[in-house]
Amino acid sequence: MNLLSSLRYLVALNEHKHFGRAAQACHITQPALSNALRALEEEFDVVIVKRDRTFSGLTPEGLRVLATAQLMLHEHANLQQELKSDTHTPRGTLRIAAVPTAVPIVARFAAMLQARHTGIMPVVLSMSSLELENGLADLSVDLALGYTQRMGEASRLKALPQYIEHYFLLRSSPAGQRKSLHFGAGISWKDAAQLPLCLLTPEMHNRTIVDAAFTTAGVSVRPAIETNSILTLMLSVLAGNVCSVLPGALVGTVRDNPLLEALPLNSPSVRTPIGFMFHSGARPSRALEAALALAQDAAWLRHAAAYSGLLTAD
């Protein structure tokens, strides 16, 4: 039995919750995956997988094996990176996730990281807050940009603050003589609630923040359009008669569009901290060490501020 391969199959099964899909992800047949897992159970003399007609989860013993498997595979990947790297040139894949509203910033970060360290290949993923946190916990994600206020006191995650998320009402506007997005006067959340809005779907954490702001303003909102797509938020404003509520990082992506206008939202003033998070209990790879250094670099933080927040940084 190849122990590392069997542990990898177990991690895949836990991720996909389905024998066939896990086997496909591992590029093996389903019987081969099942046989490897049975061999793993024989090796440790415990039942690891709850078996029914379909995958029914892992036993308590299986969860302990899974946690060890995740750490062993993480250390194996770290060792491979170290052997391929020299003292000043980190190499390897780095999986970086971000909540959808922070994707424009993490894209800039990944590009800057790769330009600085050409041996690193960032893999940039858009995830919900829950997916992102689960990915960090099971070590399938190395670094994640998201809402640090969701981290509990008992969390094994550490955070590096990056910027403060501010919110704007985005609406269409006649271009006139303008050559870029117009930033108008502020608007209250209460007044914004009277407009037809395209908002994210309720399971998105950003929608939770937006709904809380409307509640604080003493109003409730029934959106004209709901979506889990960031692109739809912006395109619906361009193509229809709706407005949208966007954080500065997304507004920054349409700065060159003269057909749009952004109004800072106030009353209440909503400020949400965004930061990079990583697992505090796992040894960082050389690639992750390089990324953490960049995340704390003053030049990078100025760059991030210039394309997020209130969009007024130099």
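Which residues form one aromatic cluster? Phe109, Phe276 and Trp300 do.

Some ground rules. This is a predicted model, where local features need pLDDT of at least 70, side-chain atom pairs count only at pLDDT 80 or more, and totals for chains, interfaces and linings use all residues. Residues are numbered from 1 along each chain as its sequence is written, and side-chain values use heavy atoms, with hydrogens and water left out.

Now the rings. The whole structure holds 6 aromatic pairs. Rings of Phe, Tyr and Trp (its six-membered ring) pair if their centres lie within 6.5 Å; planes under 30 degrees apart are stacked, over 60 edge-to-face, and the rest tilted.

Take phenylalanine 109 and phenylalanine 276. Their ring centres are 4.5 Å apart and their planes sit at 50 degrees, so this pair is tilted. Phenylalanine 109 is in helix α5 (residues 103–116), phenylalanine 276 in strand β14 (residues 272–279), and 167 residues separate them. Helices (H or I, at least four residues) and strands (E, at least two) are DSSP runs, numbered from the N terminus. Both phenylalanines are buried. Buried means under 20% relative accessible area, exposed over 50%, partly exposed in between (1.4 Å probe, protein chains only).

Next pair: tyrosine 167 and tryptophan 189. This one is tilted too, at 6.3 Å centre to centre and 55 degrees between planes. Tyrosine 167 lies in strand β7 (residues 167–172) and tryptophan 189 in helix α7 (residues 189–192), so the pair ties together parts 22 residues apart in sequence. Both are buried.

Last, charges. Arginine 108 lies over the face of tyrosine 307, 3.5 Å from the ring centre. Arginine 255 lies over that face at 5.7 Å. The test: NZ of Lys or CZ of Arg within 6 Å of the ring centre and within 35 degrees of the ring normal.
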